[in-house]
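Hello,

Here is the structure you asked about. Please open it first, then read my notes below.

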Amino acid sequence: MSTSNAQKYRKLGPYEVLGLGLGCMPLSIEGRPSREDAISVIHRALDLGVNHLDTAFAYYEAGGTSENGEEQHNEKLIAQALRTYTGDKSNVVVASKVGHYRYIDKNGQPQWGQQADANYILETAKKSRDCLEVDSIDLYYHHRPDPNPEVTYSEGLEALAKLAEDGVVKYVGISNASIEQIDLALSILGDKLIAVQNQYSPAHQETLDTLEYTKKKNLAFLPWSPLGGFRNPELLTKDQPFEEVGKNHDVSKQQVILAWELAQSEHVIPIPGFRRIQTLEDSLKALALELTSTELETLNA
Ligand SMILES: NC(=O)c1ccc[n+]([C@@H]2O[C@H](COP(=O)([O-])OP(=O)(O)OC[C@H]3O[C@@H](n4cnc5c(N)ncnc54)[C@H](OP(=O)(O)O)[C@@H]3O)[C@@H](O)[C@H]2O)c1
């Protein structure tokens, strides 16, 4: 399969979105750009046809709280970016998530805590809906299973089903999920479940089973950190073949990585992140990058 222009748009449940969404996390966590620059990145993405923004309740700097306005930093940023955008935003899909929060550990390191009990999910969804300034959230993910053995995965999924029934959210996704969890989610959510968001990149292909399974189940598969995220230098060696193919086309390895992910299947919608307009503009060119079948074979090997 190739990545021609005709295949630029993909199905995310009932929505038609550009093959690449905007992962907004780097615009709000540690190392983020200024608010003005972050808004410019979102506006430029919208100008270039991106119509799918990926956020989460937990995209803020660790150590922030609701008192200092830091919680939901990214959801607030997206609301502001959409409010101030003067172009067409009628088809923009905003996806958020529940199940993580940020904290500083005893060594002073920023961390991601997990909470996904039913009450927390029900309360947090309403905060996200209000913060995003919408009546109903387009797509709402269960961010990650709660490690507390007293909190079952089903109770979180049932809370999400209730949110969909009550119209707080329109559709549901799950993230960091196994095949077993996808099956459980389908049994509880039925056709309200439209997406699975798992880590997937050249360095992280251990979720390939879920990429293939979602295709069979007619669900969208959204690779998170599709370019490898904040990488362990050891894993960078996995990018080498992509760099080589990039040389053939005189393009960045990031374009090749995204074109390779897009070529896996029509149901794959990567959500790369950017702090800079320059990297955003470069990576979006992946939508028009045609990889030959020989190149795809080499990259898949
Ligand atoms: N569901 C989950 O549990 C989960 C977990 C993590 C992330 N996510 C989602 O996945 C999204 C993407 O993940 P991510 O931001 O961690 O990682 P990523 O998309 O794999 O990588 C982002 C990094 O790639 C750089 N980059 C992008 N295009 C480039 C180019 N053409 N040339 C050079 N560098 C380039 C960016 O640089 P600059 O910053 O310099 O622009 C940024 O530092 C997040 O924003 C979030 O929405 C979800």
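**What I found**

Strand β8 (residues 137–142) pairs with strand β9 in the parallel sense, over 5 bridges. Strands count as paired if DSSP finds at least two bridges between them. Helices (H or I, at least four residues) and strands (E, at least two) are DSSP runs, numbered from the N terminus. This is a predicted model: local features need pLDDT of at least 70, side-chain atom pairs count only at pLDDT 80 or more, and totals for chains, interfaces and linings use all residues. Residues are numbered from 1 along each chain as its sequence is written, and side-chain values use heavy atoms, with hydrogens and water left out.

Look at Y141. Its bridge partner in β9 is G173. β8, helix α4 (residues 153–165) and β9 form a right-handed β-α-β unit. Right-handed means that, with the strands pointing away from the viewer, the path from the first strand over the helix to the second runs clockwise.

β9 also pairs with strand β10 (residues 193–199), in the parallel sense, over 4 bridges. Here S175 has Q197 in β10 as its bridge partner. β9, helix α5 (residues 179–189) and β10 make a right-handed β-α-β unit.

Why is β9 largely enclosed by the rest of the structure? Of its 7 residues (169–175), 5 are buried, so the rest of the structure largely encloses it. Buried means under 20% relative accessible area, exposed over 50%, partly exposed in between (1.4 Å probe, protein chains only).

Now go to helix α6 (residues 208–216). Its buried residues are T210, L211, Y213 and T214. Just after α6, N218 takes a positive phi of about 65 degrees.

Best wishes
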